[in-house]
Each structure stands twice: as structure tokens, then as C-alpha cells.
Amino acid sequence: MIGRTRTIWLVLAVAVALLWTFLPMYWTVKYAFMTKTEIARFPPMLFPHQPNLASFFNIFGFDYTAQDGTVYKASGQARQIMLGLRNSLLVAAIVTAITTVVVVPLAYVFARLEFPLKGKLLAAILLSVSLPPVSTLIPFYTLYVQLGLTGTMTGLIIVTLTITIPIVAWMLIGFFRNLPPVELLARVDGFSRLYVLTRIIVPMASSGIMVAAVIAFLFSWNEYVYAQILVTGSNAVTLPAAMSGFLFQVPEPAQLAASLLLSLLPPFVIAFFLQKHIAEMNFA
Amino acid sequence: MADNVSSKRAAGAQRPAEISTFSFALIVSIPVLLFLLIVVAYPLAYAFYLSFNEIRFFGGYSADWVGFQNYAKVFYDQSFWSSLSKTFRFTIETVILTLGVGLGLALILKHLPGKWRWLRALIILPWAVSPYGAGIFFAYLGRGQTGVGTAVAAMFGSSQTINLISARFVIEYLAVGAAWNMAPLVAFFLLANMLTTPQRLYDLAKIDRMSRLETFWHVTLPPLRFTIFVFTCITTVLAMKTFDYIFTETQGGPGGASSVLTYTLYKISFVNLDLGYGAAMSFFLLAVILVSTGILYFLWGRKEERQ
């Protein structure tokens, strides 16, 4: 009897959790499959009655002819969306690689070794976590204008690294602290520091490092504030900046939803397959 | 990196040339810190310079030294104080909701039987959504014209418009969306903690005839406290810094009701182009963030670390 009531409660709880998780996404994503008249309908429709893929064709620059003969014109933003997709992948990949390579030794050193000035250096890293992008935007912009870095991917990568490195370092330091203290033994056995780090610590911490990489990827892929100011309209535009055209210039809910769905796919795939490593991130 | 090459050679040699802990730490951290210093310190210094000037764009660019005038002006600015209180309201609500929902999700995930484990991979997904994406989602979800409130009312035969983004509760609504975005990550870290609590303790609790609530309070919760503290800090900082989420969801509206400090800053610097004043105010925001995390650490974090 007790087992059965428990199961009922669990099923209910899971249902609520799934509704909480998917309702906000579904509500917008459904627009991607709807026509303008369907979207404008009042009261709002719960699902597309005649789902179509017009907006997906449109954002990639193709016209779409519906069965009733209506032609949905290709979006004027198509070029930006495609550029944005490529650039976002490129920038996120480079940022993830650099962040991971740089932060793993950094976090290891701060978590496991004692050395002078450690507290002060750590405080400097944490200070940069606290910097709000809104307050560094103008200075970055003027600096970039002088250096000719506006509208370039290099510029965007540099700015993004200032976000990813501190926050990923912060998370990994907590993780490294909890690994068993094996490196002392290894050091007694005469292995060098670099050997200890690359051959013993890194394999032991592989899930933490994987999660760090995922976090770096997400921060970079999802970065919008800097991209909006630094690369909008240029050849270095990223997907979020390209998409905002559908939001502000000419509101196109269907195409916005389609490109938003597109932008969610890479992070979803990554989060979906790497979630079991996150469940191994243990601080305490 | 030259340092890397030389230490690699040292590792390969028969007699490793040993370096001290301090120099190893320096070799690893100095390049990164230098990078951060240059790329973060320069804009910060430039913002500092701006904050002592009045910048004008009309009739040609000009910068006039005004000393502390911009900082003094912030104190007398009504919109600064009301934005600050909105930032606090948003932050406190976001932190409580994020940790509460995170804990709830973690408990659900923990109790999932083996063949349902794959559900974990679904629950994590909102965390992968960008803040601007979450803003768009919750904008359409909440607005009277398009939102879920109106749709549900229509299901019950009402033709009323139910707007969840009202001037009165817009901050609460924003906090719910922010928690939706962040809670899954918290849930997963808490779950990682929970899974290390030995089953033996739960068996003992049963022998002691502890109630569900007591078991939760005395067995489940204590090992989670440090993680909860860390995420309280992270969520506090992220909530105070957030801009894109609010920008895409409400644009500070309706009628400035969700104009938190970052949004007010954006308006001053990018719409009014009052760069000097915006820079001065942004240092207040930075101070607020640092002081808040400092207080959290001194009141709570030190206690957790000592244990």
C-alpha cells in the first residue's frame, strides 16, 4: 500500500517537473510551425492546427509554398542567420578549447597547492566574475574601435574568454578540492608536477573537466550582450545577435521561434549526453 | 607556450629538474592572470576615467572633468534607488526560487527508479537555454495577448485576457523565469551530493522513527549545505549582473516596473549616451555585487568552510 501511494506521488511530481521544464519552451517553439494568422489568433492556440515548416525554409533563405498556394517569402535575415550559425559554432569551439586548457591547471594549482599570494590572486579572479557586462561594454567598445577589433571573431573570442575563464575556474576549484589527496603519494614516488597533473589528476577529474568544458561552451554559445554591440551586422555576427533582428526590427515570431529552436539544438545535445557527468560534480 | 615546453622536457628527462610549488603555481596562473588583467583591467580603468568626466556627443565629442560630481549625482537620483531596490527584489526572489526548485528537482531525480533515469537528461535542458532565449520564452508565455494565462482562461470558457507580466508582479514573474533557467544545474550538483550520503544513515533514521521531514532535515540536508552556499553566491552574482534576460523579456517594462539596475545603466549609457554618469553608476552596481557576496561569505560561508 505504502509503495503504491509513493509511486503515485512520484509520478505526479515527475509530471509537474516535466510541465515546468517544457511548457515555457513549447509555448514559443510552437510558433515555428504556425502561420502568422494562427499566431495572431485570440485566444492563443495551444498547438498548430496545420503545422508547416515554412519558417525553417525562410530562415535559410528559401521561399516556401504551402499546400493552399500561399508563398512564404525567404527571410531577408537569412544570410545573417547562416553566418551566425557558423560563427557561433566556431567561436564557441575555440573559447571552449582555450578555456579548458587554461583553467584546468589553474584550478588545480589554486585548489591543491599552497603558495604565497594565493588568496590575493584568487580574489582577483573572483572580482572578474562579479563584473557586469553592462559596465564594461562601453570601454570594450572604445578599445575595440581603436584596435580595429569590432566586427571580428578574434575580438569576440577575447571578450568571451573574460567571462568563461573566471566562472569556470571558480567551479573547478571547488571540484578539485574534493579529489582524494593522491598527488602527495605520487610526488613521493618521484613523479614531476606536470606528470602528476596530466596523468593522475586529469583522468581522475575527467567528469569535472567535461562539465567545465560544457559550461564554457554554453556561456560562449549563449553570449548575447557583447555580441549585440561588437559584431551585429558584420561578417562576424553570432546566432543570438542575428536572431535579435526577428525580435526588434521586424517582429517575426515564427522565424524567431525557428531560429531559437535551431540555436537550442547544439546545447541540448551536449547537455543531454553529458548530464551524467554533472551528476558526479561533488563539492562537499 | 614556452613554459609548457620546458616543463614537458623536464618531465621527460631521466632526472626531472624540479621547480618549487610557488614557481609552478606562477607558471600556470601568471599568463591567465595577465590576460585577465589586461583585458579586464583596461576597460575597468577606462570606465573609471569616464566616471569622472561628462561626455558629450552633441556638437562634437567632448569630455569635461567633473570630479566626483557623477558619483554625487547617483546619490540624489531617484531612479537609481528604485532600480537598486528592484535589483534586490529580483535577486532575493531568484536565489530563493532557484535553490528551492533546484532542491525539489534534485529530490525527484534522486527517487527515480533505474529505468526512469533517462528523465534526468530532460530535466537538465532548461539550463542549456540562453538567458535571452529564456527571456523570449517567458515573454510569450506571460503576455496577455499570447500567454498561457489567457489560453487557460479560454479553456474554462472565459474570454478574459490574463497578463502575467503586470507592473505589480513583473519582478516575481522574472524571478520565476530566471529560476527556471538556473535551477536544473543546482539540482544536478545537489543530486551529486545526495548520492554520496550513505544509505546506512537513512536506515538509522528509520530505526529512530524519524518523520519524513526530520529525515530530510537531519540526514539529507546537512551534506548539501556547502553546495547550497556556493550556488547562493553564484546565483546572487548572476541575478545582479543579468541584463539580456530582462532585455528580451520585458525591456524594463511595463512602464519601467522591471527596470533593474543593469537595465537603468543600459538606458543611461546606450540610449541617453551619458557615458560618464553611466560609468559612475556601474561602479555602484559592482560595489553592490561585491558587498553582497562579501556579506554572504562572512555570515555563512566561513561557518561552512570551518566544518
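How many residues of domain 1 of chain A are in contact with how many residues of domain 2 of chain A? In this predicted model, in which local features need pLDDT of at least 70, side-chain atom pairs count only at pLDDT 80 or more, and totals for chains, interfaces and linings use all residues, 13 residues of domain 1 of chain A are in contact with 12 residues of domain 2 of chain A, two residues being in contact if their C-beta atoms, placed from the backbone, lie within 7 Å. Residues are numbered from 1 along each chain as its sequence is written, while chains are lettered from A and ligands numbered from 1 in the order in which they are written.

Helices α1 (2-29), α2 (36-40) and α3 (54-59) of chain A each supply at least two residues of the side of domain 1 of chain A that touches domain 2 of chain A, where helices (H or I, at least four residues) and strands (E, at least two) are DSSP runs numbered from the N terminus. The most is given to this side by α3(A), with 4 residues. By class, the side of domain 1 of chain A that touches domain 2 of chain A comprises 8 nonpolar, 4 polar and 1 charged residues; Ala, Val, Leu, Ile, Met, Phe, Trp, Tyr, Cys and Pro count as nonpolar, Asp, Glu, Lys and Arg as charged, and the others, Gly among them, as polar. The domain assignment of chain A places domain 1 at 2-72 and domain 2 at 78-278, the bounds coming from an automatic or database domain assignment, and the C-alpha centres of domain 1 of chain A and domain 2 of chain A lie 31 Å apart.

Chain A as a whole contains 13 helices and 2 strands. Its radius of gyration is 24 Å, well over the 19 Å that the globule rule gives for 284 residues, so chain A is more spread out than a compact globule; the radius is taken over C-alpha atoms, and the rule is 2.2 Å times the number of residues to the power 0.38. Along the principal axes, the C-alpha atoms of chain A fill a box of roughly 80 × 75 × 30 Å. Of the 284 residues of chain A, 49% count as buried, a residue being buried if 20 or more other C-beta atoms lie within 10 Å of its own, exposed if 12 or fewer, and partly exposed in between, with C-beta atoms placed from the backbone. Among the contacts in chain A with a separation of 6 or more, 71% are accounted for by residues 24 or more positions apart.

Within chain A, helix α6 (residues 133-147) has 15 residues, which at 1.5 Å a residue should span 21 Å, and its end C-alpha atoms are 20 Å apart, which agrees; the expected span is 1.5 Å times one less than the number of residues. A kink of about 25° in α6(A) is centred on A:P139, the bend at a residue being the angle between axes fitted to the seven residues ending there and the seven starting there. The buried residues of α6(A) include A:P139 itself, together with A:F140 and A:Y144. Just after α6(A), A:G148 takes a positive phi of about 70°.

Chain B is divided into domain 1 (1-43) and domain 2 (76-306), and the C-alpha centres of domain 1 of chain B and domain 2 of chain B lie 38 Å apart. There are 15 helices and 2 strands in chain B, and its radius of gyration is 25 Å, whereas a compact globule of 307 residues would have one near 19 Å. The C-alpha atoms of chain B fill a box of roughly 85 × 80 × 35 Å along the principal axes, and buried residues make up 42% of the 307 residues in chain B.

The contact between the two chains takes 78 residues from chain B and 69 residues from chain A. Helix α2 (residues 21-51) of chain B gives the most to the side of chain B that touches chain A, with 16 residues, and the residues of that side divide into 56 nonpolar, 18 polar and 4 charged.

Two loop residues of chain B were also examined. B:Q251, in the loop between α13 (244-249) and α14 (261-271) of chain B, has a positive phi of about 50° although it is not a glycine, and B:Q251 is partly exposed, with 17 other C-beta atoms within 10 Å. B:L273, in the loop between α14 and α15 (275-306) of chain B, has a positive phi of about 55° and is likewise not a glycine; with 13 C-beta neighbours inside 10 Å, B:L273 counts as partly exposed.
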